[in-house]
Amino acid sequence: MAEWSPHDARRSATTWARTMGIPRDTTEALTHHAIVGSGKTYDRYDMQAEKRQAVDAIADYISRTRRSDAATKEAA
């Protein structure tokens, strides 16, 4: 990878989360995207439980991927 930025990590984590079935509203809240329409005025729910679940799922995905990569390198 020639260049990397923190935005790349956000994009990857969001993509992984969506692949795992995490709802878009959760990934939007996790990445602090603004709520549009009347929701920004009336919906004050912080989605902490959903965001924690998403972060845990992303962390598990990264851990599994790293273990798999390490096992592949050891086998080679």
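1. Let's start with helix α4, where the buried residues are Lys51, Ala54, Ala57 and Ile58. Their cover includes helix α1 and helix α2 (24–30). Bear in mind as you read on that this is a predicted model.

2. How many residues does α4 have, and how far does it reach? It has 28 residues, and from its first C-alpha to its last it spans 40 Å. That is close to the 40 Å you'd expect at 1.5 Å a residue.

3. Now for the aromatics. You'll find one aromatic pair in the structure. The ring centres of Trp16 and Tyr61 sit 5.0 Å apart and the planes meet at 40°, so this pair is tilted. To place that angle, planes under 30 degrees apart would count as stacked and those over 60 as edge-to-face.

4. Which parts of the chain does this pair link? Trp16 belongs to helix α1 (residues 6–19), while Tyr61 belongs to helix α4 (residues 48–75).

5. What does its side chain reach at 2.9 Å? The answer is the backbone nitrogen of Ser5. The Asp8 side chain also makes a polar contact with the side chain of Arg11, at 3.0 Å.

6. Next, a backbone point. Most residues other than glycine have a negative phi. His32 isn't a glycine, yet its phi is positive, at about 60°. You'll spot His32 in the loop between α2 and α3 (39–42). Is His32 buried or exposed? With a relative accessible area of 66%, His32 is exposed.

7. Where is Met47 found? Its place is the loop between α3 and α4. Met47 has a relative accessible area of 13%, under the 20% cut-off, so it is buried. His32, by contrast, is exposed.

Conventions. Residues are numbered from 1 along each chain as its sequence is written. This is a predicted model: local features need pLDDT of at least 70, side-chain atom pairs count only at pLDDT 80 or more; totals for chains, interfaces and linings use all residues. Side-chain values use heavy atoms; hydrogens and water are left out. Rings of Phe, Tyr and Trp (its six-membered ring) pair if their centres lie within 6.5 Å; planes under 30 degrees apart count as stacked, over 60 as edge-to-face and the rest as tilted. Helices (H or I, at least four residues) and strands (E, at least two) are DSSP runs, numbered from the N terminus. The expected span of a helix is 1.5 Å times one less than its number of residues. Buried means under 20% relative accessible area, exposed over 50%, partly exposed in between (1.4 Å probe, protein chains only). Contact means heavy atoms within 4.5 Å. A polar contact is a pair of N or O atoms within 3.5 Å; within protein, one must be able to donate a hydrogen and the other to accept it, and residues adjacent in sequence count only if both atoms are side-chain atoms.
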